[in-house]
Amino acid sequence: MSSKPESHVWHPYTQMQTAPQPLKVTHGKGTKLYLEDGRVLLDAISSWWVTVHGHAHPHVAEAIARQANTLEQVIFAGFTHPEAERLADRLVGHLPTGLDKVFFSDDGSTAVEVALKMAWQYWNNKGVTRNRILAFEGAYHGDTFGAMSASARSIFTKAFGPLMFDVQHLPSLSEDPEGSLETLKKALKGGDVAGLIVEPLVQGAGGMLMHSPEHLDMVTSLCQSEGVPVIFDEVMTGFYRTGRLFAMNHCQHKPDIVCLAKGLTGGFLPLSITVARSHIYDAFLSQDRGKMLFHGHSFTANPIGCAAANASLDLFESPELPAKIMAITQWLGQLAISLRHTGKVKNIRQTGTILAFDLPSSETGYLSTAAVQVRDRLFSKGILIRPLGEVVYLLPPYCVEREEMQTIYEELLAAIQDL
Ligand SMILES: *Cc1c(COP(=O)(O)O)cnc(C)c1O
């Protein structure tokens with residue numbers, strides 16, 4: 001029986017019987033979330049990694065209101081609209097040369113589904129049978145069945161085991177890069193690999209596990225030398241999380257397919273994009289309708305979502321942003337040094353505006369106690385974090401102010417010292 005008979009809402013990743021009452025948020029502004037009971041929270045995780053410019057940014061909010069009064073939605077087969085065209089043109093301008101065919105969908109998971117379908121049907125359309133998808137241990141690509149299949153097997157996918165398709169998971173690039181590359185070489189020799197999907201530089205939900213651009217470059221070039229499409233799932237790493245606009249900007253070898261979502265609309269609306277290179281796209285061109293890409297959603301390229309994404313891109317293009325990203329990166333770097341001095345945390349790691357570390361406690365697994373203690377302590381000080389098991393991380397919105405950085409710095413260190 002539910003402990004909250006008064007609510008009709010079923011929450012994600014939540015054991016409804018034991019979870020405490022959800023906190024009611026009435027409004028947000030910048031880094032702040034305002035609760036109904038008067039408390040204020042500093043959102044140090046950008047609300048599940050999406051709110052890159054902070055909450056209720058007026059520039060995006062106004063663009064949404066304008067678009068809602070102009071064209072709220074239109075069927076996207078046989079029709080197009082200015083905001084989608086403009087967004088596609090602008091994004092392609094920011095992506096490495098050759099990544100220039102933009103397919104719209106609704107969220108990170110569906111962007112991944114589309115990418116997997118593109119890689120798979122690419123071979124089908126060429127009349128070649130290739131049945132093996134490669135991914136990595138520790139990966140997270142979303143919650144729909146294709147995205148779950150590509151993700152590492154975990155408590156999150158366990159109940160659905162028999163329904164998922166086979167994916168070969170290579171050893172993690174952060175823990176065993178040599179083993180990973182060796183396994184990849186062997187897999188490619190089979191001649192049956194249809195595509196490889198990877199979260200570039202940082203595996204997010206798997207625990208903010210980081211690897212080097214050099215190792216990723218080797219993966220990409222090995223695949224591409226065999227003509228195997230490489231998919232970068234930049235759903236989390238995109239839009240300056242790694243310090244540069246995209247994680248692939250750190251790499252020499254660029255992917256064939258890219259997935260973008262979370263920060264795309266500045267975290268305002270669900271919208272995602274899968275970008276493909278021309279040689280992928282060209283394999284779908286035919287007089288035969290059976291060779292078109294079989295995918296679409298009711299809300300594909302929703303005009304309000306596209307308007308939000310265009311407004312968000314305005315903010316990403318602002319000349320002040322790189323300095324802000326640099327300031328956040330340096331602050332987290334300082335914090336990393338201080339954390340190291342406490343001697344109480346392990347595996348301190350940073351990529352751009354993401355800082356993560358492990359807080360091992362006797363109890364390992366998803367419900368780790370030390371991390372929960374730190375979370376609760378910070379919460380009582382008005383700071384929102386959400387550890388992944390024993391992994392504590394910061395992933396702040398880019399509007400975070402100097403004093404706020406200082407507050408997080410002091411409170412986090414104090415919480416760790418008092419463990
Ligand atoms: C969050 C995430 C997804 C899934 O995106 P949703 O919008 O939650 O469906 C996919 N890949 C990565 C790397 C993510 O971090």
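The model is predicted, and local features need pLDDT of at least 70, side-chain atom pairs count only at pLDDT 80 or more, while totals for chains, interfaces and linings use all residues. Residues are numbered from 1 along each chain as its sequence is written, and side-chain values use heavy atoms, with hydrogens and water left out.

**The seven-stranded sheet**

Begin by selecting the open sheet whose seven strands follow the order β4-β12-β11-β10-β7-β5-β6 with mixed pairing; strands here are DSSP runs of E with at least two residues, helices are runs of H or I with at least four residues, and both are numbered from the N terminus. Two strands are said to pair if DSSP finds at least two bridges between them. At the edges lie β4 (99–105) and β6 (168–170), each of which pairs on one side only. On average, neighbouring strands of this sheet are turned by 20 degrees against each other, direction ignored.

Next, select β4 together with strand β12 (residues 272–277), where six bridges join the two in the antiparallel sense, and find F103, whose bridge partner in β12 is T274.

Strand β10 (residues 230–233) runs parallel to β11 and is joined to β11 by three bridges, with F232 standing opposite V258. Towards β12, β11 runs antiparallel and has four bridges, and the bridge partner of C259 there is T274.

**The three-stranded sheet**

Now select the open sheet with the order β13-β14-β16, in which the pairing is antiparallel. Its edge strands are β13 (346–351) and β16 (391–394), each pairing on one side only, and the twist from one strand to the next averages 15 degrees. Between β13 and strand β14 (residues 354–358), which run antiparallel, there are four bridges; T351 stands opposite I354 in β14.

**Two helix pairs**

Select helix α10 (residues 321–342) and helix α12 (residues 402–417), which pack at an angle of about 20 degrees with their axes 11 Å apart. The two helices are therefore roughly parallel to each other, a label given to angles under 35 degrees. Among the residues making the contact are I328, W331 and L335 of α10 and M405, Y409 and L412 of α12.

Finally, select helix α3 (residues 82–94) and helix α9 (residues 303–316), whose axes come within 9 Å and cross at roughly 35 degrees. Residues in this contact include R86, L87 and R90 of α3 and C306, N310 and L313 of α9.

Terms used:
Axes fitted to C-alpha atoms, helices over the stretch in contact; angles between N-to-C directions. Parallel < 35°, antiparallel > 145°, perpendicular 65-115°, else oblique. Contact = heavy atoms within 4.5 Å.
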